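Hello,

Please find the structure below. My notes on it follow.

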Amino acid sequence: MRNWLRTFLARNGVGLSVYMLGAVALWVIVMIVLPQLFMLDFSFRNNWQQIDPSRMGGPDDVYTMVNYHFLAFGSPNNPDPFNVVDVTVFFRTIIAAICVTLFDLALCYPIAYYLAQVARGGKARLLVLSLIIPFWVNELLRAFAFRILFGEEGTINAILMGIGILSDPIDFVREDVALYAGLGYAYILLMIFPIYNVIESLDKNQIEAARDLGSSWWRIHRRVVIPFAKPGITSGCTMVFMLSAGALAAPQILGGPSSLWFTQIIYQWFNTGSNWPRGSAYAIVLMLTCVLLVLILMKLFKVKIGEIGR
Amino acid sequence: MTSGGVMRIAVGFYILLFFSYLFGPLLVMSFTAFNSSEFPSISPWNCFTDEWFEVLIKDNQLMGGLKSSLVVGFGVVLLAVPIGLAASLLITQLRSRARSVVYTIAISPILVPGVVLGISTLVFWERVDRVVLGAQDGFFYDGYFMTIIGQSTFIAAYSMLVFLARLQRFDPGLEEAALDLGATQTQVFRKILLPFLKPAIGSAAVLAFLASFENYNTTVFTIVSESTLTTVLASKVRYGINPSISSLAVIIIALTLIAAVAHEFLKRKEERQAIAEKLIANPVAIKAGRSKRPLGLPIGALTAVLFVGVLGSLWMGQNYDVDQCKVRVAEENRVKFEALKQQRLAEAKAKQTTSSQDQDSAVDAKQSSGQYQNIFAPSNLGQQIESDSGAEPQSETETKDAKQYQNIFAPTNLGQQVESSSDSD
Amino acid sequence: MSADVQLDNVWVKFGDFVAVRDANLTIQGGEFFSFLGPSGCGKTTLLRAISGFQNPSTGRILIGGKDMSGIGPNRRPTALIFQNLALFPLMTVWENISFALEVKGMGKRARRKKADELLELVALPAQGDKMVSELSGGQKQRVAVARALCAEPEVLLLDEPLSALDLKLRQHMRTELRAIQQRAGITFIYITHDQGEALTMSDRVAVMRQGVVDQIGDGTTVYDHPETAFVASFVGENNSFTGTVTEMKDGLAYVQTECGPIRSRTSLAAPLKKGDNAVVFVRPESIHFCKDETRTDENGLVATLAHQEFEGHFWHLALKTESGHDIRMSVMNDGRSEVYEIGASVSVGFSTQGAIALAPGELAVD
């Protein structure tokens with residue numbers, strides 16, 4: 001370590017070394033690691049700050065599992081065997097996020113393949129450019145657009161009834177259709193680009209060769225393209241899953257009145273609930289679940305974390 | 001060949017569907033910005049108007065949010081870009097093992113949900129504020145400060161990725177050459193590495209600003225008592241919506257389009273230059289350079305369309321009186337309302353007299369819908385005469401409207417529809 | 001100003017791998033000195049150690065009598081010309097050349113003047129405002145030389161700078177570099193795997209093998225009086241015959257080889273004695289056709305002609321002896337060349353001075 005430091009100093013000079021190490025240390029320690037540790041610490045505490053600030057730091061200010069216990073079993077006088085609302089919301093969020101991810105994958109893989117291998121020159125460029133444009137528009141505005149589309153008075157209802165398919169308007173928001181469509185929409189780009197980047201580097205000759213040997217198109221994809229695109233697919237799925245499980249704006253705007261997203265519960269603990277420790281505990285559970293699922297995904301597909309985000 | 005043809009059509013259809021999923025919502029939203037209806041919708045189309053842009057500009061909350069978004073955005077650029085740069089430089093100098101450890105930590109903020117970053121930042125700095133300053137709501141517990149820090153946590157990772165991509169193409173031999181010629185390490189950094197990274201710094205800054213500008217998940221926790229554009233938008237959208245938000249979207253989409261066209265234009269120019277340089281160095285490449293002329297992208301056509309669109313709307317604006325249209329629509333609505341009222345009365349009467357005879361009431365309803373059409377027709381005519389010059393498309397939608405109403409007022413769902421539409425009024 | 005460079009027991013190790021093994025040599029001030037060796041022999045590492053990019057694991061490097069340990073590349077009186085030239089792509093030609101002055105804080109006008117002078121020196125007048133990317137390969141080469149000279153080094157280090165050029169240009173640049181060295185009057189240390197470059201340009205050549213300097217000498221010494229089997233096989237073409245020394249007499253070795261007995265001279269630096277294993281090297285151009293097989297100082301062989309190539313001033317022939325040994329021989333084309341049929345039996349010979357017996361060792365692979 002000392003040796004390394006010496007060569008590092010010699011290579012970069014004092015000023016630059018201090019800048020590099022200082023900035024990275026500030027980032028990693030003060031902005032990434034310490035806040036997470038404090039949040040972890042916080043999640044094991046009582047909410048004295050709101051209930052009774054004078055007891056903070058006193059003998060009652062001890063570590064407790066109360067917040068995690070609450071997530072699992074609810075308040076002490078909860079008649080159910082577990083915290084029905086929160087646990088249900090939690091699992092629904094995770095499962096819905098997985099569904100959104102699969103939906104995006106199915107939707108985007110053909111497009112990514114088309115852009116990378118089939119489309120050529122100016123056309124491909126135009127399509128890629130036009131893919132990007134919707135994503136400069138704010139996430140909230142995108143959700144807002146879906147609300148206009150899917151509202152009870154919305155465009156889709158109007159069209160469907162105009163054609164005569166429907167006689168009654170469907171409440172897409174209550175049925176969560178709007179939410180899933182909006183979430184799927186929000187992260188299309190993050191699915192397409194990693195896959196696109198990988199498939200683009202696939203040698204066209206490989207596909208030609210496979211076709212030459214008489215492979216059907218789905219076999220070509222199953223045996224040649226998809227194995228090659230695996231890192232991109234994993235990367236895209238990771239991003240989409242993480243972002244949709246952690247989404248807040250879309251559920252707030254598009255979620256039905258009866259269906260909550262787990263992040264919304266966290267938000268409530270911080271906002272109206274004024275119970276930061278409990279919110280922290282919930283956030284930790286969300287984060288650990290997400291990370292765990294992603295690690296499993298990467299293990300399954302044998303992709304290293306270093307390949308994500310490229 | 002025929003199966004290939006079918007395949008091609010299927011692919012074309014799929015792409016069409018995909019892009020309408022991509023652009024449909026934005027287009028619909030953009031149109032709602034020009035509809036005078038209080039609720040953002042394109043059907044029924046009332047009047048073409050630009051009043052929502054005025055409402056937007058006069059919205060103090062939104063404008064205040066915009067201001068703080070700009071402040072936070074610049075703060076994030078100033079913090080996140082240097083951090084990302086430092087991290088990328090450090091990582092390129094590390095050996096394999098240390099490198100992957102630092103890289104993993106550095107990109108972890110991208111993989112952590114935004115709300116978690118917001119919460120951890122909030123909890124940490126609130127604590128620091130309490131312990132270090134011993135004060136409530138001191139310097140560290142400040143919406144701007146925490147938001148800049150919280151957003152930079154993951155935006156620094158974005159800019160790091162941008163720099164790493166650029167650094168991959170850097171020849172470390174250049175640094176050694178400069179050192180060998182007597183430059184100090186700082187001079188090497190300033191005169192060799194920074195100029196090389198300049199384009200990357202530009203794009204990292206733009207990316208950082210935009211990412212900050214549209215961030216919600218982290219900001220909503222760290223902003224505390226302040227508000228940015230996104231938090232204002234979120235509360236506006238959640239509690240009642242109006243088309244001024246659509247008009248904001250129109251502005252953002254227009255800016256994006258302009259930026260995209262400009263970007264494309266610059267890129268083309270660059271490529272043309274590169275080709276020219278190649279020609280000087282190697283005249284044989286002329287042919288190759290020509291045949292490889294990139295991009296058949298109809299930039300000219302795109303700009304022309306934009307231009308015509310702007311001109312057209314200006315011209316429309318001159319020949320079009322919103323107030324007149326509004327009066328007319330109000331009148332139409334009143335007439336519709338009358339029709340509904342009569343229908344209801346008729347219905348009630350039908351119920352009263354022969355509640356058992358379904359057939360009768362159905363006939364009644366049919367009659368009333370016919371009646372409605374009749375009432376509507378003359379005014380429709382009159383309107384055509386009235387504004388023959390400018391509002392041709394409007395009149396078309398009006399007739400569509402009429403048809404739509406016909407269906408909506410189909411006997412089966414009469415009561416329900418009346419209720420809901422009176423609600424929305 | 002030129003300075004001598006002295007290597008004192010220099011070792012460079014990367015973990016377990018030894019890149020340079022105990023290098024001990026002195027390069028005179030104003031000398032054109034080449035390190036010649038196959039890729040991976042440690043010559044580039046040695047060069048990087050001299051220029052300061054690589055610290056020796058042990059040993060000292062002295063330039064102009066001054067110990068260089070702890071002195072960074074930017075404070076050494078050396079300038080390095082990189083294999084890929086490493087010209088700064090974002091600067092113009094003159095900015096590249098005058099970079100060494102820029103970092104010293106010299107004003108723009110003075111820098112420009114100096115750059116123009118140097119452009120003159122490397123025969124590239126009035127090209128200062130071009131971008132590097134607009135230059136041809138040979139022009140870039142000259143700019144790299146000018147840029148290095150601008151730093152006014154006492155020692156110029158060149159790391160295979162000609163390897164990217166085509167053959168014609170390479171030959172032209174050899175003379176050019178040599179001329180520039182004489183004009184500038186500074187020490188040149190040149191790294192190459194191309195013996196032609198090393199032999200034509202250098203005052204002295206050091207032949208390296210696997211981190212070891214095998215032999216140092218001027219071109220003719222290294223070519224005509226190799227001290228190790230590696231040097232003999234690496235520098236120029238050589239036929240080799242392995243065998244055992246049966247007798248040492250009158251400074252000549254009698255070696256029994258698979259192609260019969262051969263009498264040859266030996267190297268003073270690596271003496272042989274009776275019973276030693278030895279390799280006899282014979283240059284293709286030392287072999288000639290024999291009419292008269294009775295001369296006492298001649299070695300004779302009978303072989304069949306397997307293949308022949310005409311190269312203008314030389315015929316290159318491939319022969320096969322009865323024992324199956326391949327022999328290459330080159331015959332000067334004197335205008336009345338006798339043409340042999342492929343498969344014809346020929347008798348060839350070489351003088352005892354045209355053959356040299358050395359201790360067996362690693363041979364260079366072609």
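Some conventions before the rest. This is a predicted model, in which local features need pLDDT of at least 70 and side-chain atom pairs count only at pLDDT 80 or more, while totals for chains, interfaces and linings use all residues. Residues are numbered from 1 along each chain as its sequence is written, chains are lettered from A and ligands numbered from 1 in the order in which they are written, and side-chain values use heavy atoms, with hydrogens and water left out.

Salt bridges

Over all chains, the count of salt bridges is 22. One of them joins C:Lys43 to C:Glu160 at 3.4 Å, N to O. C:Lys43 lies in helix 1 (residues 43-51) of chain C and C:Glu160 in the loop between strand 7 (155-159) and helix 6 (167-184), so this pair ties together parts that are 117 residues apart in sequence. Helices (H or I, at least four residues) and strands (E, at least two) are DSSP runs, numbered from the N terminus. Both C:Lys43 and C:Glu160 are buried; buried means under 20% relative accessible area, exposed over 50%, and partly exposed in between, with a 1.4 Å probe and protein chains only.

C:Glu152 and C:Lys114 also form a salt bridge, with their closest N and O atoms 3.5 Å apart. This pair links distant parts of the chain, 38 residues apart: C:Glu152 is in the loop between helix 5 (137-150) and strand 7 of chain C, and C:Lys114 is in helix 4 (residues 108-121). C:Glu152 is exposed at 57% relative accessibility, whereas C:Lys114 is partly exposed at 24%. A further salt bridge, 3.6 Å from N to O, is made by C:Arg111 and C:Glu102. C:Arg111 is buried, with a relative accessible area of 11%.

Aromatic rings

The whole structure holds 31 aromatic pairs over all chains. Rings of Phe, Tyr and Trp (its six-membered ring) pair if their centres lie within 6.5 Å; planes under 30 degrees apart count as stacked, over 60 as edge-to-face and the rest as tilted. A:Trp4 and A:Phe8 are stacked, at 4.9 Å centre to centre and 20° between the planes. Both lie in helix 1 of chain A, 4 residues apart, about one turn of the helix. A:Trp4 is partly exposed at 27%, and A:Phe8 is buried at 4%.

The rings of B:Phe74 and B:Phe209 have centres 5.4 Å apart and planes at 45°, so this pair is tilted. B:Phe74 belongs to helix 3 (residues 60-93) of chain B and B:Phe209 to helix 8 (residues 185-213), 135 residues apart. B:Phe74 is exposed at 53% relative accessibility; B:Phe209 is buried at 19%.

In chain A, ring pairs link A:Phe90, A:Phe91, A:Phe262, A:Trp269 and A:Tyr282 into a cluster. A:Phe262 is also among the residues touched by A:Val89, as are A:Leu260, A:Trp261 and A:Ile265, not counting residues up to four places away in sequence. Contact means heavy atoms within 4.5 Å. A:Val89 sits in helix 4 (residues 84-118) of chain A and is buried at 6% relative accessibility.

Two arginines lie over rings. B:Arg166 is over the face of B:Phe196, 4.1 Å from the ring centre, and the charged end of C:Arg283 is over the ring of C:Tyr223, 3.7 Å from its centre. The rule is that NZ of Lys or CZ of Arg is within 6 Å of the ring centre and within 35 degrees of the ring normal.

Burial and surface

In helix 8 (residues 177-186) of chain A, 8 of the 10 residues are buried, so this helix is largely enclosed by the rest of the structure. Chain B has 17 helices and 0 strands, and 46% of its 425 residues count as buried.

Regards

Technical notes:
Salt bridge = Lys/Arg side-chain N within 4 Å of Asp/Glu carboxyl O.
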